[in-house]
Amino acid sequence: MFIVGLTGGIASGKSTVAAEFQQLGVPVVDADEVARAVVEPGEPALAKLIETFGETILNDDGRLNRERMRQIAFADPAQRRKLDAIMHPAIGMRMQKAIAAAKGPYLILMVPLLVETGQHRLVGRVLVVDVPEAIQIQRLMARDGSDRPQADAILSAQASRQQRLAAAHDIIHNDGDMASIKASVAILHAAYLLMVNDKSAQNIRLILPERPTTSPS
């Protein structure tokens with residue numbers, strides 16, 4: 001199956017873009033959803049997290065307290081590496097099963113850390129949802145209640161905006177309105193359907209929405 005790796009920095013709007021592809025009948029495998037599934041009670045990954053970080057990472061109902069886990073991981077690079085060493089293999093195995101089971105003209109594989117983990121080399125196409133870092137920070141603080149130091153730490157733990165854009169075949173600029181996103185996804189969907197059947201079309205690079213190269217007079 002032709003796989004498009006969808007990525008972008010935190011709070012860039014990846015889920016919004018993925019939902020638009022789903023509306024067009026394209027299956028989406030979401031690494032975040034998989035990450036939540038592999039730490040449900042009874043899952044081996046949760047047992048390893050408890051063994052490594054202690055039971056303080058749990059809520060009273062035995063489920064993972066994601067905010068507490070995030071605070072521990074992003075406060076110390078060594079702790080984040082321990083978390084990644086547990087989570088990445090578990091997520092990878094579950095995602096491979098989901099990919100094998102997917103049906104559709106092509107597949108969207110949504111991975112926030114696609115570039116950081118090197119998985120961008122394993123997909124046929126990389127689609128980056130891009131926004132300026134100032135907008136990311138603003139959205140992150142509003143969405144999660146993070147303060148500015150927390151937001152900065154989260155961004156610094158990810159690939160830089162420049163690194164993501166360098167890995168991109170296609171780019172959606174998500175600093176406009178919803179109509180712009182819908183139009184961009186429709187264009188990309190048509191292009192990806194073409195690429196499925198015509199490999200020569202894969203030489204196209206799409207940056208959407210299209211913007212004028214000069215300011216209007």
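Guide: Let us begin with Arg68, which is found in helix α4. Helices here are DSSP runs of H or I with at least four residues, strands are runs of E with at least two, and both are numbered from the N terminus. This is a predicted model, in which local features need pLDDT of at least 70, side-chain atom pairs count only at pLDDT 80 or more, and totals for chains, interfaces and linings use all residues. Residues are numbered from 1 along each chain as its sequence is written, and side-chain values use heavy atoms, with hydrogens and water left out.

Visitor: Why does Arg68 count as partly exposed?

Guide: Buried means under 20% relative accessible area, exposed means over 50%, and partly exposed lies in between, with a 1.4 Å probe and protein chains only. The relative accessibility of Arg68 is 34%, so Arg68 counts as partly exposed.

Visitor: Which residues does Arg68 touch, not counting those up to four places away in sequence?

Guide: They are Thr56, Ile57 and Leu58, where contact means heavy atoms within 4.5 Å. The C-alpha atoms of Arg68 and Leu58 are separated by 8.3 Å, and the two residues are ten apart along the chain.

Visitor: What does the side chain of Arg68 reach at 3.2 Å?

Guide: At that distance it reaches the backbone oxygen of Leu58. Another polar atom pair involves Thr56, whose backbone oxygen lies 2.5 Å from a polar atom of the Arg68 side chain. A polar contact is a pair of N or O atoms within 3.5 Å; within protein, one must be able to donate a hydrogen and the other to accept it, and residues adjacent in sequence count only if both atoms are side-chain atoms.

Visitor: What makes α4 roughly perpendicular to α7?

Guide: Two packed helices are described by the angle between their axes and the distance between the axes. The axes are lines fitted to C-alpha atoms, for helices over the stretch in contact, and angles run from 0 to 180 degrees between N-to-C directions. Helix α4 (residues 66-75) and helix α7 (residues 148-156) pack at about 70°, with their axes 11 Å apart. That angle makes α4 roughly perpendicular to α7, a term for 65 to 115 degrees; under 35 counts as roughly parallel, over 145 as roughly antiparallel, and the rest as oblique. On the α4 side the contact is made by Glu67, Arg70, Gln71 and Phe74, and on the α7 side by Gln150, Ala153 and Ile154.

Visitor: Why are α4 and α5 called oblique to each other?

Guide: Their packing angle is about 125°, with axes 5 Å apart. This angle falls among the rest of the range, and α4 and α5 are therefore oblique to each other. Met69, Ile72, Ala73, Phe74 and Ala75 in α4 meet Pro77, Gln79, Arg80 and Leu83 in α5.

Visitor: How do you know that the pair of Phe21 and Tyr106 is edge-to-face?

Guide: Rings of Phe, Tyr and Trp (its six-membered ring) pair if their centres lie within 6.5 Å; planes under 30 degrees apart count as stacked, over 60 as edge-to-face and the rest as tilted. The structure holds four aromatic pairs. In the pair of Phe21 and Tyr106 the ring centres are 6.5 Å apart and the planes stand at 85°, so the pair is edge-to-face. Phe21 belongs to helix α1 (residues 14-23), whereas Tyr106 lies in the loop between α5 (77-101) and β3 (107-110), 85 residues apart. Both residues are buried, and together with Phe2 and Tyr192 they form one aromatic cluster.

Visitor: Is Glu20 buried or exposed?

Guide: Glu20, found in helix α1, has a relative accessible area of 13%, so Glu20 is buried. Not counting residues up to four places away in sequence, Glu20 touches Met178, Ile181, Lys182 and Val185.

Visitor: What makes Ala11 count as buried?

Guide: Ala11 has 10% relative accessibility and therefore counts as buried. Ala11 lies in the loop between β1 (3-8) and α1, and its phi is near 65°, a positive value in a residue other than glycine.

Visitor: Why does Ala37 count as partly exposed?

Guide: Ala37, in helix α2 (residues 31-37), has 27% relative accessibility and so counts as partly exposed. Leaving aside neighbours within four places in sequence, Ala37 is in contact with Glu43 and Arg94.
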